[in-house]
Amino acid sequence: MHTFSPTILNTFSAGYLQNNTKITTNLGGVPAIGFGDGSAGFGSYNGYPQAFKENIYTYSDLVSISHGNHNMKVGVDFRRNIENSEFNVARPSYYFYDQVFFAGDAPYLQVAGVDLEIWQGSMSVQFV
C-alpha cells in the first residue's frame, strides 16, 4: 500500500501458486488386463503415469480516490495460468472374455495405445 496524498491510496498485490501432483504406479510396464467373466484382472491403468503441474501468477493494482463525499476505485486484476501437465495414455489396457482367451492372446477390446494388428480388423479398439 502507498499513500500518495490524504485522498489517494494505491494498493498493489502479487501472488504465486504452484500445484504439482504426480500419480505413478508400482507396476511399471504391466498393462491393465481385465476379464469379462468377472474374475479379477491385474496390471495398472493405461493412463499412468500422470503429472499435473500448474503455475498461477496474480497481480492486482487498485487506486482509491476520495473527494468530499465521493469515493472512486479503479483497478486491474491480471492472472496468468501456465499449465504443464502430462496425461500419458500410450500404454494399452486389454480386455479378454476369460483366461482361455488370455492364454490364446485374443482380446476382445483394447483401450488406448497402439495395436499393430489393427489394420487387419481383428480387434475392437476404443480410444478414450
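Strands (E, at least two residues) and helices (H or I, at least four) are DSSP runs, numbered from the N terminus.

**Ground rules.** I'm working with a predicted model, so I noted that local features need pLDDT of at least 70, side-chain atom pairs count only at pLDDT 80 or more, and totals for chains, interfaces and linings use all residues. Residues are numbered from 1 along each chain as its sequence is written, and side-chain values use heavy atoms, with hydrogens and water left out.

**Entry: Glu54.** I looked up Glu54 and found it in strand E4, residues 50-67. Is Glu54 buried or exposed? Glu54 is buried, because its relative accessible area is 19% and buried means under 20% (exposed is over 50%, partly exposed in between; 1.4 Å probe, protein chains only).

Next I checked its contacts, meaning heavy atoms within 4.5 Å. Skipping neighbours within four places in sequence, Glu54 touches Leu17, Gln18, Asn19, Asn81, Ile82 and Glu83. With Asn81 there is also a side-chain polar contact of 3.0 Å. For that term I wrote down: a pair of N or O atoms within 3.5 Å; within protein, one must be able to donate a hydrogen and the other to accept it, and residues adjacent in sequence count only if both atoms are side-chain atoms. I also looked at Ser85: from Glu54 it is 31 residues away in sequence, yet 7.3 Å away in space, C-alpha to C-alpha.

**Entry: Asn55.** Asn55 is in strand E4 too. I put it down as buried because its relative accessibility is 9%. Which side chains does the side chain of Asn55 reach by polar contact? I found Tyr16 at 2.8 Å and Gln18 at 3.3 Å. Its contacts beyond four places in sequence include Arg80, Ile82 and Asn84.

**Entry: Phe78.** I found Phe78 in strand E5, residues 70-83. I call Phe78 partly exposed because its relative accessibility is 47%.
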